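Here is a briefing on one protein chain. Please keep the sequence and the 3D view at hand while reading.

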Amino acid sequence: ERNGFVPTWYDQSTSGNNATQATAGEQPTIVVNGGIVKNIKGNPSVQFNGSDESLTYGNVITNVNTASSFIYLERNSASGNEIATHQGSSSTSPASRWYTPFLSGTVNALSPTLFSFACGSSNVEGFVNGTSKGTLSLEDASTTSITNSTIGKFSVSSGFDFTGKITEYFIAASKLQ
């Protein structure tokens with residue numbers, strides 16, 4: 001049995017925003033029993049156990065009203081509340097947090113799904129596999145105090161850790177539509 005773990009998920013841009021995990025027991029998996037982890041479509045992916053596995057990265061966005069993000073993932077279960085990625089602080093006035101996405105029983109198990117979120121001039125719109133799921137008013141919230149940017153778990157409180165595979169993740173500080 002050979003297993004491989006991810007201590008660093010390298011940023012493919014020139015920004016150097018690598019996501020890392022120094023604690024060996026908290027690193028997500030990329031190889032299980034000698035085989036590369038793949039989603040149901042056959043794409044190589046990083047697998048998170050929904051318990052203690054996560055990667056952290058630096059502050060990419062400066063304000064939640066200018067962010068855009070895309071993530072291609074496959075959830076292990078269609079129930080329960082999970083956050084695949086999170087950038088934000090524990091501040092609640094206003095809450096300066098950006099989730100990609102907050103899953104609440106809305107994604108079928110074993111179904112690769114593309115989530116995208118883009119800010120407009122006054123709102124943010126969410127898409128699932130290219131179909132709009134609605135808009136919400138934007139909150140003007142600075143993220144300069146962010147210390148918790150994670151993939152695989154919600155670092156502000158427990159109970160929302162992600163169980164499944166993430167194939168790709170992209171976050172930008174600008175409004176991409």
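Ser 69 is buried, because its relative accessible area is 0%, under the 20% cut-off. The residue is found in strand E8. The model is predicted.

**Ser 69 and Phe 70 in strand E8**

- Ser 69 has contacts beyond its neighbours within four places in sequence: Trp 98, Thr 100, Phe 115, Ser 116, Phe 117, Phe 170 and Ile 171.
- Phe 70 is also found in strand E8.
- Phe 70 counts as partly exposed, because its relative accessibility is 28% and the range for that class runs between 20% and 50%.
- With neighbours within four places in sequence left aside, Phe 70 touches Leu 114, Phe 115, Ser 116, Glu 168, Tyr 169, Phe 170 and Leu 176.
- Phe 115 and Ser 116 are among the contacts of Ser 69, and both are among those of Phe 70.
- Phe 170 likewise contacts Ser 69 and Phe 70.
- Phe 70 and Phe 170 lie 100 residues apart in sequence, yet their C-alpha atoms are 5.1 Å apart in space.

**Aromatic pairs**

- How many aromatic pairs does the structure hold? There are 3.
- Phe 48 and Phe 162 form an edge-to-face pair: the ring centres are 6.4 Å apart and the planes meet at 65°, which is over the 60 degrees needed for that class.
- This pair links distant parts of the chain, 114 residues apart. Phe 48 sits in strand E6 (residues 46-49). Phe 162 sits in the loop between strand E16 (148-151) and E17.
- Phe 48 counts as buried, because its relative accessibility is 1%.
- Phe 162 counts as buried too, at 0% relative accessibility.
- Phe 70 and Phe 170 make a tilted pair, with 5.7 Å centre to centre and 45° between the planes.
- That pair also bridges distant parts of the chain, with Phe 70 in strand E8 and Phe 170 in strand E17.
- Phe 170 counts as partly exposed, because its relative accessibility is 41%.

**Salt bridges**

- Side chains of opposite charge can pair when their charged atoms come close.
- The structure holds 2 salt bridges.
- Glu 74 pairs with Lys 165, and the closest N and O atoms are 3.6 Å apart.
- Which strands does the pair of Glu 74 and Lys 165 link? Glu 74 lies in strand E8 (residues 68-75) and Lys 165 in strand E17 (residues 163-172), 91 residues apart.
- Both Glu 74 and Lys 165 are buried.
- Arg 75 forms a salt bridge with Glu 82, with the closest N and O atoms 3.0 Å apart.
- Glu 82 counts as buried at 7%.

- Strand E13 (residues 113-119) and strand E14 (residues 123-128) pair in the antiparallel sense, over 5 bridges.
- E13 and E14 form a hairpin, with 3 residues between them.
- Phe 115 stands opposite Val 128 in E14. Phe 115 also contacts Ser 69 and Phe 70.
- E14 pairs with strand E15 (residues 131-137) as well, in the antiparallel sense over 6 bridges.
- Asn 123 has Ser 137 in E15 as its bridge partner.
- The hairpin of E14 and E15 has 2 residues between the strands, and Asn 129 there takes a positive phi near 50°.

**The chain as a whole**

- The secondary structure comes to 0 helices and 17 strands.
- Of the 177 residues in the chain, 39% are buried.
- What share of the contacts between residues at least 6 apart in sequence joins residues at least 24 apart? The share is 69%.
- The accessible surface comes to about 8,800 Å², and carbon and sulfur atoms hold 48% of it.

Technical notes: Residues numbered from 1 in each chain as written. Predicted model: local features only at pLDDT ≥ 70, side-chain atom pairs only at ≥ 80, totals over all residues. Heavy atoms only, no water. Helix = DSSP H or I, 4+ residues; strand = E, 2+ residues; numbered from the N terminus. Buried < 20%, exposed > 50% of the residue type's maximum accessible area, 1.4 Å probe, protein only. Contact = heavy atoms within 4.5 Å. Areas by Shrake-Rupley, 256 points an atom, 1.4 Å probe, with all protein chains shown as cover. Salt bridge = Lys/Arg side-chain N within 4 Å of Asp/Glu carboxyl O. Phe/Tyr/Trp six-rings, centres within 6.5 Å; stacked < 30°, edge-to-face > 60°. Pairing = 2+ DSSP bridges.
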